[in-house]
Amino acid sequence: HAQLGLSIPTGTIDNKDETPASMGNEVILPYPMQIGSGTYDAITAITYLGQSNSFSWGSQLRGVFRTGENDNGYRLGNQLGWNNWVAYRATDWLSVSGRVQGLIQGGIRGANPDLNPSMVITADTFNSGYDALNAGLGFNIYAPQLLKGARLGFEYALPLQQNLNGVQLKSQDVITVGLQYSF
């Protein structure tokens, strides 16, 4: 399976709020607190999936490539991820899975002139970008007798390794729960 997509700049890069350092005034929030990139981004992926009666496995290489500079004078870093998984069908209604994921997030290039890096660590573009290795264990429940067309998924993931550029918050354990319904 191959993917080729385009992310358009619909998320804001101008969010403002009061911060402890702003003395009651609204100021532009630092890079990690903005929900958009402000740029058109190319998204590419290639996925391989294999299956047997009891097992499924796969691998996906996915990238997000930033184009140009946004209206605030910076560009978020490119992203590259490699996700590998295996799942075992334990019963007709239960499967268990494991995965390992490698991530590379490039640093921010340029700078927003409205941000003061000496006021908050996350406004310093040196403190951006990382590479990480994560692992996850999960299960899927599919019980057509109880919930026709519904599937419940659960995954517990944790970082195995994190190399952060500068001073950043490290990722912690992540629990993902999802309910999927198909009709």
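# Briefing: patch, core and side-chain pairs

E26 counts as exposed, at 53% relative accessibility. (Exposed means over 50% relative accessible area, buried under 20%, and partly exposed in between, with a 1.4 Å probe and protein chains only.) The model is predicted: local features need pLDDT of at least 70, side-chain atom pairs count only at pLDDT 80 or more, and totals for chains, interfaces and linings use all residues. Residues are numbered from 1 along each chain as its sequence is written, and side-chain values use heavy atoms, leaving out hydrogens and water. The structure holds three salt bridges and three aromatic pairs.

**E26 and its surroundings**

- E26 sits in strand 3, which covers residues 26–28. (Strands are DSSP runs of E, at least two residues; helices are runs of H or I, at least four; both are numbered from the N terminus.)
- E26 is in contact with K16, D17 and E18, leaving aside neighbours within four places in sequence. (Contact means heavy atoms within 4.5 Å.)
- G11 is 15 residues from E26 along the chain, and their C-alpha atoms are separated by 19 Å.

**Nonpolar core**

- The largest nonpolar core has eight residues: I13, I28, Y31, Y74, L76, I108, L115 and A123. (A core is a set of buried Ala, Val, Leu, Ile, Met, Phe, Trp, Tyr and Cys residues joined through side-chain atoms within 4.5 Å.)
- Y31, one of these core residues, touches Y74, I108, L115 and A123, among others, not counting residues up to four places away in sequence.
- The contacts of Y31 also include A111, N112, T122 and T125.
- T125 lies in the loop between strand 9 (109–110) and strand 10.
- With residues up to four places away in sequence not counted, T125 touches Y31, I108, G110 and A111.
- From T125 to L4 the C-alpha distance is 29 Å, and the two are 121 residues apart in sequence.

**Nonpolar surface patch**

- Strand 11 (150–164) and strand 12 (174–181) each supply at least two patch residues.
- Strand 11 gives the largest share, four residues.
- L160 lies in strand 11. L160 is exposed, at a relative accessible area of 52%.

**Aromatic pairs**

- A search of the whole structure finds three aromatic pairs. Among them, F55 and Y88 have ring centres 5.0 Å apart and planes at 50°, so this pair is tilted.
- F55 is in strand 5 (residues 55–66) and Y88 in strand 7 (residues 79–89), so the pair ties together parts 33 residues apart in sequence.
- F55 is partly exposed at 40% relative accessible area, and Y88 is partly exposed at 36%.
- F139 and F154 have ring centres 5.3 Å apart and planes at 25°, so this pair is stacked.
- F139 belongs to strand 10 (residues 130–141) and F154 to strand 11, so the pair ties together parts 15 residues apart in sequence.
- F139 is partly exposed at 28% relative accessible area. F154 is partly exposed, also with a value of 28%.
- Rings of Phe, Tyr and Trp (its six-membered ring) pair if their centres lie within 6.5 Å; planes under 30 degrees apart count as stacked, over 60 as edge-to-face, the rest as tilted.

**Salt bridges**

- D41 forms a salt bridge with R66, with the closest N and O atoms 2.7 Å apart. This pair links distant parts of the chain: D41 is in strand 4 (residues 41–51) and R66 in strand 5, 25 residues apart. (A salt bridge is a side-chain nitrogen of Lys or Arg within 4 Å of a carboxyl oxygen of Asp or Glu.)
- D41 and R66 are both buried.
- D92 pairs with R89 in a salt bridge, the closest N and O atoms being 2.9 Å apart.
- D92 is exposed at 64% relative accessibility, while R89 is partly exposed at 41%.
- R99 and E155 meet in a salt bridge through their side chains, at 2.6 Å from N to O. R99 is in strand 8 (residues 94–105) and E155 in strand 11, so the pair ties together parts 56 residues apart in sequence.
- E155 is buried, at 18% relative accessibility.
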